[in-house]
Amino acid sequence: MNFATSLMLIGAELGLCLVALVLLLLSAWLPRAAARVLTIAAASALAGASIYTLALLLNGTAGPDANAFGALLRLDAFSAVAKLLIYLSTFACLVVTPSFFERRGQYRGEYPVLLLFNAVGMSLLVSATDLMTLYIGLELSSLSSYILASFARSDMRSAEAGLKYFILGGLASGILLYGMSLVYGFAGSTNFDAIRTALAGELGTGALFGIVLVFAGLAFKISAVPFHMWTPDVYDGAPTPVTTFFAGAPKIAAVAILTRLSFSAFGEQFAAWQQIVAFVALASIVVGALGAIGQENLKRVLAYSSINNVGFLLIGLATGTAAGVSAMLIYLAIYAVMTLGSFVALLMLHDADGVPMETFGSIAGLAQRKPALAWALLVLMFSLAGIPPLFGFYAKLVVFQAAVDAGLIALATVGIAASVIGAFYYIKFVKVMFFDARPSSDARAEVARNPAGHWSVLAASTVLLSPLGFLLTPAMERWAAAAASALFLTA
């Protein structure tokens with residue numbers, strides 16, 4: 001494949017890079033008041049990248065034609081679906097961000113630039129077919145994430161969250177690098193296809209350790225048990241728009257590259273890594289379900305919810321089948337909508353002074369104060385719990401069906417049981433909002449008005465998760481199946 005074709009395949013990444021560099025220069029020259037204009041430009045760039053990626057997906061590039069730069073990247077249907085989810089999630093985060101920081105006088109033009117560079121890193125990550133490009137994409141995304149976590153520099157909680165994320169993220173990167181070095185040492189190559197060929201047959205102890213360490217490093221990025229410790233603290237301490245972003249796009253990218261790596265590089269050793277993935281899935285489901293029960297802080301509850309949902313996602317990966325990967329992608333798309341809507345709803349819970357309402361006690365009687373917001377949260381929480389006829393039920397259904405078809409009945413059974421346990425804290429939201437007494441007449445008990453952008457994202461999420469979302473299932477199933485087929489075509 002010639003150089004021009006490779007550049008065409010990464011047109012979305014190139015466009016985002018160019019826009020990010022221009023906006024970086026403008027943010028240094030223009031006054032802080034121009035930050036909103038830069039945000040609009042960044043959102044427009046993400047919309048353009050989404051359209052470009054959708055065109056590539058509809059074009060159906062596959063096989064050798066999807067490889068770029070000597071098979072360092074693969075722009076197939078699998079990466080296209082993942083990038084669409086990443087770009088749309090990042091776009092939605094940009095829509096709801098400015099008003100939050102502007103109320104506090106903290107918004108600067110660097111914020112949309114950091115999100116754009118993060119999106120570029122995630123795009124490279126999900127398209128990587130070489131350990132080197134994997135690490136470059138991962139670190140480009142991670143470095144901007146560390147800054148985003150501590151973006152509110154005057155807030156000690158934000159600074160602490162950024163420091164914790166940086167230290168633990170550096171540790172995870174070190175574990176990942178050590179695992180990659182072991183894999184390279186035993187395979188003799190960093191290319192996924194070459195690694196797959198070299199590791200066929202009996203697996204040595206050293207290579208097994210390498211695979212385990214690579215999975216451990218990526219497990220940190222998706223906040224899977226036992227590498228989840230940072231999640232509640234960082235989600236709680238980081239500014240809510242940043243937490244909204246962390247819960248969506250970076251997790252999509254990490255799950256996507258973990259899936260590609262599992263089948264493209266380690267596909268011949270499915271029996272070895274299936275046990276790891278099944279254990280991590282089971283542990284994440286149980287810890288996420290039980291860990292949130294005693295929490296009073298709403299962001300920490302949703303942090304444990306994200307850990308719980310990662311477990312359900314990994315059930316699809318543990319099946320080792322195209323149907324399982326397809327189910328996982330469907331769950332990933334619906335999860336992105338659920339988590340985005342949930343955190344946007346939390347973003348809208350603040351008083352007239354901008355002080356966030358972050359505990360269950362602060363949202364007591366919300367149905368009487370803000371009925372529209374309370375009913376939207378009800379739909380979101382019931383969807384996260386997997387209660388029919390909401391769309392979140394369909395996400396769990398397809399994953400459990402794929403697990404049963406693959407013979408993982410025990411794993412599916414535990415997942416269903418943990419879903420019932422996890423429903424407790426989702427229903428607690430509804431109970432507190434609709435049935436608990438309204439707080440005493442304190443000015444901070446009143447929920448302030450929210451911008452139209454917040455309501456737009458919340459309304460879109462609520463509609464998509466309602467029974468109307470089932471109208472999208474034919475298209476979702478078709479694209480998810482195409483993405484899974486592209487992955488197994490090259491595996």
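The model is predicted, so to speak of conventions: local features need pLDDT of at least 70, side-chain atom pairs count only at pLDDT 80 or more, and totals for chains, interfaces and linings use all residues. Residues are numbered from 1 along each chain as its sequence is written, and side-chain values use heavy atoms, with hydrogens and water left out.

I'll start with the spaces. Rolling a probe the size of a water molecule over the atoms shows where empty space is left. The work is done on a 1 Å grid over the protein atoms alone: a cavity is a set of points where a 1.4 Å probe fits but cannot get out, whereas a pocket is an open set with protein on both sides within 12 Å along at least five of seven lines. Lining residues have an atom within 4 Å of a point. Grid points are joined across faces, edges and corners, and a volume is the space filled by probe spheres set on the points.

How many cavities of 30 Å³ or more are there? The count is five. The largest holds about 110 Å³, and the residues lining it include Met122, Ser145, Tyr146, Tyr165, Lys221 and Pro250. Elements here are DSSP runs numbered from the N terminus: helices are H or I with at least four residues, strands are E with at least two. Two or more lining residues of the largest cavity come from each of α6 (110–127), α7 (131–149) and α13 (249–265). The largest share, five residues, is from α7. By class, eight of the lining residues are nonpolar, three polar and one charged; Ala, Val, Leu, Ile, Met, Phe, Trp, Tyr, Cys and Pro count as nonpolar, Asp, Glu, Lys and Arg as charged, and the others, Gly among them, as polar.

A word on α13, one of those elements. Its 17 residues should span 24 Å at 1.5 Å a residue, and the end C-alpha atoms are 23 Å apart, which agrees; the expected span is 1.5 Å times one less than the number of residues. In α13, 17 of the 17 residues are buried, so the helix is largely enclosed by the rest of the structure. Buried means under 20% relative accessible area, exposed over 50%, and partly exposed in between, with a 1.4 Å probe and protein chains only.

The second largest cavity has a volume of about 70 Å³. It is lined by 13 residues, and Thr240, Leu346, Leu347, Leu349 and Pro356 are the closest to its centre. Its lining has seven nonpolar, two polar and four charged residues.

Now the largest pocket, at about 830 Å³. Of its 29 lining residues, those closest to the centre are Leu85, Leu88, Ala333, Val337 and Leu464. At least two lining residues each come from α3 (35–59), α4 (77–96), α16, α21 (452–465) and α22 (473–489). The lining has 24 nonpolar, four polar and one charged residues.

Next, rings. Rings of Phe, Tyr and Trp (its six-membered ring) pair if their centres lie within 6.5 Å; planes under 30 degrees apart count as stacked, over 60 as edge-to-face and the rest as tilted. There are 27 aromatic pairs. Phenylalanine 100 and phenylalanine 101 make an edge-to-face pair, 5.2 Å centre to centre with 90° between the planes. Phenylalanine 101 and phenylalanine 151 have ring centres 5.3 Å apart and planes at 70°, so this pair is edge-to-face. It links helix α5 to the loop between α7 and α8 (156–187), 50 residues apart. Phenylalanine 101 and phenylalanine 151 are both buried.

Why are there zero disulfides? A disulfide is a pair of cysteine sulfur atoms within 2.5 Å. The sulfur of cysteine 17 is 19 Å from the closest cysteine sulfur, in cysteine 93, too far for a bond. Cysteine 17 is partly exposed at 28% relative accessible area, whereas cysteine 93 is buried at 3%.

Last, the backbone. Most residues other than glycine have a negative phi, and most peptide bonds are trans. Valine 225 and proline 226 are joined by a cis peptide bond, omega about 5°. Another cis bond runs from proline 388 to proline 389, with omega near 10°. Serine 223 has a positive phi of about 55° although it is not a glycine. Serine 223 lies in the loop between α10 and α11 and is buried, with a relative accessible area of 0%.
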